[in-house]
Protein chains: 2
Amino acid sequence: MANLSDIIEDFIKKMFDEMPEGILEIQRNEMANRFQCAPSQINYVLTTRFTLERGYFVESRRGGGGYIRIKKLKIREDEFLKDIFEAIGESISGSEAKAIIERLWEEEIITEREMKILCAVINKYNLPLRPADRDVVRAYIMKAVITALLDHEARKGGK
Amino acid sequence: MANLSDIIEDFIKKMFDEMPEGILEIQRNEMANRFQCAPSQINYVLTTRFTLERGYFVESRRGGGGYIRIKKLKIREDEFLKDIFEAIGESISGSEAKAIIERLWEEEIITEREMKILCAVINKYNLPLRPADRDVVRAYIMKAVITALLDHEARKGGK
DNA sequence: ATAGATGAAGGTCAGAGAAAGTCAAAGATA
DNA sequence: TATCTTTGACTTTCTCTGACCTTCATCTAT
């Protein structure tokens, strides 16, 4: 974990542990100062790691007394799976797919074991195809997984 | 013997002696530099020597702070794994794969839900490729699944 | 009171830099 | 000859920064 962005990401996520409300406020400059980086790197971390797809909502205010507020979103399982299905599209990269799988685990929709299995399946080294084909196949696989999860849930819920 | 790829292979394998967790991170350029070879030769070594069949799992990340992570699987001498790998081979049809997955469920190695997810993943409608490629990709997927599964259990139980 | 000035936030974006990945072709070797 | 190794030119992905822009609260002079 050599890069700063990962460290800042972890730091922010740890802050959430002390915020049972799931709402956090930070100051951009204070953050940049703490990590000795350019203020814009904080935006970079936010836009790459605290996105809607990853379950966060960010808002902010400029000027004196400004802030950046990060909210951890609460989900409804069925809607959530449908949204993910829509978001996958025709083609998906390994890192995007991994983020989705990790999110499914964080939301306790899949077990740790299922997460590991799925990460292995979508891994580049385990899909011996040309990059473009690989991303397409990966999208199909992900959608198949989501569909199976939805189906499994429906059968369980509806008797 | 004594070609560079073999030497790099040995070197990496020795590095595992100091990693009791069986997880190693290397830098591609640093490696290439150490052995005075083209960086892409490191990929060659990884894809020919550190395969699932040989008991390794590889993942990586690009960009600043990038890395290549090699996991030495905990279950390399497992007879059961060897049998299944042999059954899968280089290429496997949908129905053969399905039979193996159902067998795993009957043996209570995987849950019902995992069975459903996996059957969806290996289904031909979810692998949009020419039949020959599809069977090869399916074989990789099956091996990745079995490997991830057994490794997860081995790490959980054995340590 | 109020327009304008000031300073204190945060936002944007393009570009440089840092890795790793791909693939075809050339070179060895058995 | 067939397979395995090695290379290098090109690509893609991810990180980090700095210059410049926008927004907001408050202070100041009228």
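How do the residues of the lining of the second largest pocket divide into nonpolar, polar and charged? They divide into 13 nonpolar, six polar and five charged, where Ala, Val, Leu, Ile, Met, Phe, Trp, Tyr, Cys and Pro count as nonpolar, Asp, Glu, Lys and Arg as charged, and the others, Gly among them, as polar.

## Basis

This is a predicted model, in which local features need pLDDT of at least 70, side-chain atom pairs count only at pLDDT 80 or more, and totals for chains, interfaces and linings use all residues. Residues are numbered from 1 along each chain as its sequence is written, chains are lettered from A and ligands numbered from 1 in the order in which they are written, and side-chain values use heavy atoms, with hydrogens and water left out.

## Second largest pocket

The second largest pocket holds about 450 Å³ of space. Of its 24 lining residues, the closest to the centre are A:K124, A:Y125, A:N126, B:T47 and B:Y140. In chain B, helix 3 (39–49), strand 2 (56–61) and helix 7 (131–158) each supply at least two lining residues. Helix 7 of chain B gives the most, with four.

A pocket is an open set of points on a 1 Å grid over the protein atoms alone, with protein on both sides within 12 Å along at least five of seven lines; lining residues have an atom within 4 Å of a point. Helices (H or I, at least four residues) and strands (E, at least two) are DSSP runs, numbered from the N terminus.

## Cavity

In the whole structure, a search finds one cavity of 30 Å³ or more; a cavity is a set of grid points where a 1.4 Å probe fits but cannot get out. The largest cavity contains about 40 Å³ of space, a volume being the space filled by probe spheres set on the points.

Its lining consists of A:E114, A:I117, A:L118, B:E114, B:I117 and B:L118. By class, the lining has four nonpolar, no polar and two charged residues.

## Helix 5 of chain B

Buried residues (under 20% relative accessible area, 1.4 Å probe, protein chains only) of helix 5 of chain B are B:A97, B:I100, B:I101 and B:L104. They cover an arc of only 95 degrees around the axis, so they lie on the same side of the helix; the arc is that of the directions from the helix axis to the C-beta atoms. On the other side, B:S95 and B:E106 are exposed, with exposed set at over 50%.
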